[in-house]
Amino acid sequence: MAGLAMVFWGIAPIFGKLGLGEMQPIVALTIRSLVISVILLITMTVSGQWGNIAEVTAKDTTYIVLEGICAALLGQLAYYYALKFGEVGRVSPIVAAFPLVALLLGIVFLGEKVTFYKIVAAFLITSGIVLLKY
């Protein structure tokens, strides 16, 4: 499944760049979010998953809402602005370096272990971003 996600996330910026054209990023994000919301509502109804929502705790809901605000709203909006005015070949790899931020925050806030491999990964991600400047 991770490979499939990679392919879809690799294709998406091309459609995003083409679709943004003269459109404002906030408009694009609104259209995208509305379409996805309708698809999810239909999927939840058809699959009979609505009952599972009652089992979700307020704490978990709060975290998921915050994640959505960070990723699906603020992150996506910043990405659309970057994509509109930048090159796909530079914007996408920088945006895709988000695991570096997650890695650092996981260590600081979740107490995850610092390992040799994580340090090497962080170095490689940072090196890739630096190389994109040229």
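1. Buried residues (under 20% relative accessible area, with exposed meaning over 50% and partly exposed in between, for a 1.4 Å probe and protein chains only) make up 14% of the 134 residues in the chain. The model is a predicted one, in which local features need pLDDT of at least 70 and side-chain atom pairs count only at pLDDT 80 or more, while totals for chains, interfaces and linings use all residues. Residues are numbered from 1 along each chain as its sequence is written, and side-chain values use heavy atoms, with hydrogens and water left out.

2. On overall dimensions, the radius of gyration of the chain is 18 Å, whereas a compact globule of 134 residues would come near 14 Å; this radius is taken over C-alpha atoms, and the globule rule is 2.2 Å times the number of residues to the power 0.38. Along the principal axes, the C-alpha atoms fill a box of roughly 45 × 45 × 25 Å.

3. The chain has seven helices and zero strands, where helices (H or I, at least four residues) and strands (E, at least two) are DSSP runs numbered from the N terminus. Of the contacts between residues at least 6 apart in sequence, 70% join residues at least 24 apart, contact meaning heavy atoms within 4.5 Å.

4. Two packed helices are described by the angle between their axes and the distance between the axes. The axes are lines fitted to C-alpha atoms, for helices over the stretch in contact, and the angles run from 0 to 180 degrees between N-to-C directions. Angles under 35 degrees count as roughly parallel, over 145 as roughly antiparallel, 65 to 115 as roughly perpendicular and the rest as oblique.

5. Helix 1 (2–20) packs on helix 4 (residues 58–85) at an angle of about 70°, with the axes 9 Å apart, which makes helix 1 roughly perpendicular to helix 4. In this contact Pro 13, Gly 16, Lys 17 and Leu 20 of helix 1 meet Tyr 79, Tyr 80, Leu 83, Lys 84 and Phe 85 of helix 4. By class, six of these residues are nonpolar, one is polar and two are charged, with Ala, Val, Leu, Ile, Met, Phe, Trp, Tyr, Cys and Pro counted as nonpolar, Asp, Glu, Lys and Arg as charged, and the others, Gly among them, as polar.

6. Helix 2 (residues 25–47) packs against helix 4 at about 130°, with 9 Å between the axes, and is therefore oblique to helix 4. The crossing of helix 2 past helix 4 is right-handed; a crossing is right-handed if the near helix is turned clockwise from the far one by less than a right angle, and left-handed if anticlockwise. Helix 2 contributes Pro 25, Ile 26, Ala 28, Leu 29 and Arg 32 to the contact, and helix 4 contributes Ala 72, Leu 73, Gln 76, Leu 77, Tyr 80, Tyr 81 and Lys 84. This contact has nine nonpolar, one polar and two charged residues.

7. Leaving aside neighbours within four places in sequence, Gln 76 is in contact with Leu 29, Arg 32 and Ala 71.

8. The axes of helix 4 and helix 5 (residues 88–95) come within 8 Å and cross at roughly 160°, so that helix 4 is roughly antiparallel to helix 5. Tyr 79, Ala 82 and Leu 83 of helix 4 make the contact with Val 88, Val 91, Ser 92 and Val 95 of helix 5, a set with six nonpolar, one polar and no charged residues. Helix 4 passes helix 5 in a right-handed crossing.

9. Glu 22, in the loop between helix 1 and helix 2, is exposed, with a relative accessible area of 79%, and its C-alpha lies 8.9 Å from that of Lys 84, although the two are 62 residues apart in sequence. Lys 59, in helix 4, is exposed at 56%.
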